[in-house]
Amino acid sequence: MLASRLPLPRSNRVRLGALLLACATLPACSGSEDDAARGPRETEVGYIVAKPSTVPISVSLSGRTVAFETSQVRPQVEGVIRKRLFTEGAYVKAGQTLYQIDPSIYRAQVNQANANLASARASAAAAKARAERLKPLAEMEAVAKQDYTDALADARVAEASIAQNKAALETAQVNLRFTTVPAPISGRIGRSLVTVGALASASQADPLAIIQRTDPIYVDLNQSAADLVGLRRRLARGGATPGSTEVTLHLDDGTEYEQRGTVKFSEVTVDEDTGTVTLRAQFPNPDGLLLPGMFVTASFDQARAPGAFLVPQAAVQRDFDGSAYLMVVGKDGKAERRKVTSDRTLGPNSVVTAGLKDGDKVITEGLNGLKQDAAIKPVPAGSASPAAGAKAASAKKDG
């Protein structure tokens with residue numbers, strides 16, 4: 001018992017320390033020799049095979065809604081407004097009477113024109129009868145031929161007077177009809193800008209009311225003239241083909257409008273103040289959700305780019321200068337850094353327009369820490385072992 005507590009001699013302690021140190025170093029030396037024999041550690045990466053396709057060139061443009069038709073309700077005659085025959089804000093139909101102007105003076109003018117026409121017809125009948133009586137007498141030279149000529153002329157003047165009075169009567173009737181002010185178009189009418197008792201005039205500056213037709217409705221979009229010219233050049237060179245005219249609309253609150261619209265035309269002039277060109281789209285608006293003047297955003301495929309590649313956005317990396325590059329599987333089975341051109345996205349993918357060719361294997365998994373000429377083990381994307389990927393990443397971190 002006492003002997004077990006006595007310290008070991010110094011020579012024995014030295015031998016024991018050397019033995020422990022040798023035991024600790026032997027496994028490490030053996031592991032290093034095994035790693036050197038196996039060579040560089042391979043990283044398992046997942047790849048996709050690049051295939052060219054025709055990719056839509058989508059644009060998103062801001063704009064405002066514009067009424068399909070707008071009409072100002074204006075008086076055609078002068079008079080005091082006696083009645084307003086519509087409800088402000090209601091839907092009115094074309095031809096519906098909106099205002100009643102005092103018709104008294106115009107009804108009197110119609111009566112006067114009727115009387116003048118009757119007088120002209122009576123005078124014409126007398127002149128014609130006189131000419132007919134003088135005709136045989138003039139042929140027998142019982143009366144002077146000049147008398148017959150004058151009578152015939154009076155009859156013709158009387159006929160012309162009938163035509164003049166008919167025109168005057170029609171004018172009076174039109175003015176009388178204008179005392180009832182109709183709706184020029186069908187649509188939603190705004191507030192009345194005049195009240196009953198106000199004096200209306202055909203030459204007044206302000207309309208009586210304004211009607212707007214909003215189904216369908218226009219959306220005027222603004223696109224940079226430079227972008228539009230660039231697109232037209234690309235179409236002319238064959239680098240793109242015309243896209244779809246179907247438009248998707250997003251409202252100011254970010255929600256998507258249920259109806260789809262159609263691009264109708266593009267203006268032929270550039271706004272000097274903004275440097276933009278106006279494109280007009282047309283949308284159905286059966287529920288009246290879209291009101292004139294609303295701010296909206298429209299998206300549509302303005303063209304299609306053939307021969308482009310769709311690559312997951314995570315695979316496209318950027319240098320310090322902003323240029324894009326991909327990691328691909330090289331011919332020697334090593335990682336290859338490839339510069340590409342990618343200036344836009346489409347859904348979850350980046351659109352690559354240069355730098356790839358059909359059949360290239362683009363690495364999309366295991367990119368963490370992957371460098372040029374790194375030893376890799378490529379497998380189709382989605383089949384890479386998560387454990388293997390984590391082990392490779394841990395080995396790179398330790399190295």
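Two strands pair if DSSP finds at least two bridges between them. The model used in these exercises is predicted.

**Exercise 1.** Find how strand β11 pairs with β14, and over how many bridges.

Solution. 
- Step 1: Locate strand β11 at residues 246-250.
- Step 2: Count its bridges to β14: there are three, and the pairing is antiparallel.

**Exercise 2.** Which bridges join β14 to strand β2, strand β10 and strand β19?

Solution. 
- Step 1: Strand β14 (residues 295-312) pairs with strand β2 (residues 53-73) over 11 bridges, in the antiparallel sense. Here F295 in β14 stands opposite R64.
- Step 2: Strand β10 (residues 241-242) runs antiparallel to β14 and is joined to it by two bridges. The partner of T241 is R304.
- Step 3: Four bridges link β14 with strand β19 (residues 349-352), again antiparallel. P312 has N349 in β19 as its bridge partner.

**Exercise 3.** Determine the strand order of the open sheet of four strands, and name its edge strands.

Solution. 
- Step 1: The order is β6-β5-β3-β8, with antiparallel pairing.
- Step 2: β6 (180-182) and β8 (199-200) each pair on one side only, as the edge strands.
- Step 3: Strand β3 (residues 79-84) and strand β5 (residues 97-101) are joined by three bridges; K83 has Q100 as its partner in β5.

**Exercise 4.** Describe how helix α2 and helix α3 cross.

Solution. 
- Step 1: The axes of α2 (residues 104-139) and α3 (residues 145-177) come within 7 Å and cross at roughly 165°.
- Step 2: Angles over 145 degrees count as roughly antiparallel, so α2 is roughly antiparallel to α3.
- Step 3: The contact residues divide into 20 nonpolar, eight polar and 10 charged.
- Step 4: The crossing of α2 and α3 is left-handed.

Methods. Residues are numbered from 1 along each chain as its sequence is written. This is a predicted model: local features need pLDDT of at least 70, side-chain atom pairs count only at pLDDT 80 or more; totals for chains, interfaces and linings use all residues. Side-chain values use heavy atoms; hydrogens and water are left out. Axes are lines fitted to C-alpha atoms, for helices over the stretch in contact, and angles run from 0 to 180 degrees between N-to-C directions. Angles under 35 degrees count as roughly parallel, over 145 as roughly antiparallel, 65 to 115 as roughly perpendicular and the rest as oblique. A crossing is left-handed if the near helix is turned anticlockwise from the far one by less than a right angle, and right-handed if clockwise. Ala, Val, Leu, Ile, Met, Phe, Trp, Tyr, Cys and Pro count as nonpolar, Asp, Glu, Lys and Arg as charged, and the others, Gly among them, as polar.
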